[in-house]
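User: Can you walk me through this model? I'd like to start with confidence and then go to the details.

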Amino acid sequence: MTFEIITVLIVVGVMLICLIKEVTRPDFIVFLALASLLLLGVLTPADAVKGFSNEGMLTIALLFMVAGAVQQSGMLNHLVLRALGNGKKQRLTLIKMMLPVSGLSAFLNNTPIVVMFTPIIRNWCKEHNIAPSKFLIPLSYATIFGGTITLIGTSTNLLAHGLMIESGMSGYSMFQLAIVGIPAALIGILFMSTIGYKLLPERKSSDVTFDENTREYLSELVVEDNAPMIGKTIEEAGLRNLSGLYLIEIIRQDGERIAPITSRNKVKAGDRLIFTGLISTIVELQNMKGLRVETGKSIKLDDLKNGNQVLLEAVVSNQSNLVNKSIKQNRFRVKYGGGVIAVHRNQERINSKVGEIVLQPGDTLLILASKDFASRWSSSKDFYIMTQVKDQEVVDHKKSIIAISTLIGMVLLATFEVLPMFKAATLAVIILFLTKTITFESVRKYVQFNVLLLIASAIGIGIALEQTGTAALLADKLVSVTEGLGVIGIVAIIYLITTIFTEIITNNAAVVLMFPIALATANQLAIDPMALFVAITVAASASFATPIGYQTNLIVYGPGGYRFSDYLKVGIPLNILYLLVTVAISYFVWL
């Protein structure tokens, strides 16, 4: 074993530990690993930056723009609402919802689809007296099903495609993955509408839990006419750094509402002060002269809203800068212009002072903010806004038609091999710019630069695995360990390892780590590597068993009122089904 192989194994091992422990954002961890290999001399500068010019990575960047143009049109909402219907036959409704969502996800980025449809489906469930927990995990899974059908279904498909081209192969055609993806998706939908539906819990969603438990975390105090704090700022009155409570709104006697509150706001006679946090610590406020606790009535969440203030829910993303820091450390109110009222985690509200809560991926935040909060932060990488915005900006009808027609044209050009996927996507983006369907300002909202950094960095690590002989060494160990299982056994093992990586790290990192090992294994066995490539591509997307394995699962985690165990109950059987279907078809088609 050479020094370079040992170095690569150590760097990749540390990277995996950091990804599993979520030390910081995944893209930053993988970039640091790449930088380490460069500084240690394992990679040349030219090899280290190859990922930033990889065709698959660049195609993903272009497709973010195309998908963003289609998604902003608002036309997709009507499609799903029509599919849901009246909800009288819930299992049939589930199929009717999952089929079009899977179809959309085959051509559009699945994360915005789930963000867009979660509030729509949750509101529909409320109107029809159905537990949203019966529909939100299926929504996430449906987008995963669709992502395995086409070349552009997910970034992992395009990443594998780009790695194949980098290795001198032709890559995937537009619908080559559909040979596995369509049968697997149909079996997955059938499973979710029968056994999966039974396994799914009937639980209240986070918004209902927040609303029902307001008495546990909201309190109202009135400033009496003789209060010494009248005329003082919030800071001077001692209302800023309370031990267990947090001032979220002031309601004046004339109806004026102030939120979020700064330390410079002044207290007036008759002000109603709304606090959130540990109600048991309210004695600190009761001891302040001139403050009266409102008794005999319970404040409701709707009481906090008016024409200018709205309540929104947001789910903390797994790549958020907010993670592992308290709300106070994040300076959430100052940075985003909204006050966090409560935090929901693992189907329960966290009973603590809001400012001291250390945020984790999947946490659902209840935020009181101005009406423009959603439009300002809808493209934030720190959280996904789950509340349906009524007055959201949409492009006009003409631009909607252009966006959808451009997408269809791009798919047809790539399908019939008139143009390679990268050139077809480039042409589509040019058309969208020339017709002003998208602008340079809107592109910043659509393109997920953190995903592109992760992919580009991961490609460099894959090159290190291959060039140093580390991949060949690991492939040799894999072949010797699986000796006696046959080729089909090796395909199954590679699928299984990729699935495990996907559940505990990220899907793109899983593809990059497994691709050179799969290629080296195929070379040693003298078999067509396509079967192994398809296995790792599907396995990287088919993440059902945990809320952290795939970001769409994380998005519905809080809003659906789910527990970690819910994903295990439904997801593990589904993972097994996908493994069996993928391995069987890959073996018979490509081996």
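User: What is the mean pLDDT of the chain?
Analyst: This is a predicted model, and the mean pLDDT of the chain is 89, with 97% of its residues at 70 or more.

User: Which elements have the lowest and the highest mean pLDDT?
Analyst: Helix H5 (residues 75-84) has the lowest, at 75, and helix H10 (residues 178-193) has the highest, at 97.

User: Where does pLDDT stay under 50?
Analyst: Over residues 391-395, for which the model has eight contacts beyond four places in sequence. Where pLDDT is low, the predicted coordinates should not be read in detail.

User: OK, the sheet. What is the strand order?
Analyst: The sheet is open and its five strands run in the order E8-E7-E9-E6-E10, with antiparallel pairing. Strands E8 (348-349) and E10 (383-385) stand at the edges; each has a single partner strand, so one side of each lacks a neighbour in the sheet.

User: How many bridges join E7 to E9?
Analyst: Six bridges join strand E7 (residues 338-345) to strand E9 (residues 364-370).

User: And what stands opposite Val343?
Analyst: Leu365 in E9.

User: Different topic. Where does Asn157 lie, and is Asn157 buried or exposed?
Analyst: Asn157 is in helix H9 (residues 155-166). Asn157 has a relative accessible area of 1%, so Asn157 counts as buried, the cut-off being under 20%.

User: What is Asn157 in contact with, leaving aside neighbours within four places in sequence?
Analyst: Gly147, Thr148, Thr150, Leu151, Tyr172, Leu177, Thr537 and Ser541.

Terms used:
Residues numbered from 1 in each chain as written. Predicted model: local features only at pLDDT ≥ 70, side-chain atom pairs only at ≥ 80, totals over all residues. Heavy atoms only, no water. Pairing = 2+ DSSP bridges. Helix = DSSP H or I, 4+ residues; strand = E, 2+ residues; numbered from the N terminus. Buried < 20%, exposed > 50% of the residue type's maximum accessible area, 1.4 Å probe, protein only. Contact = heavy atoms within 4.5 Å. pLDDT = per-residue confidence, 0-100.
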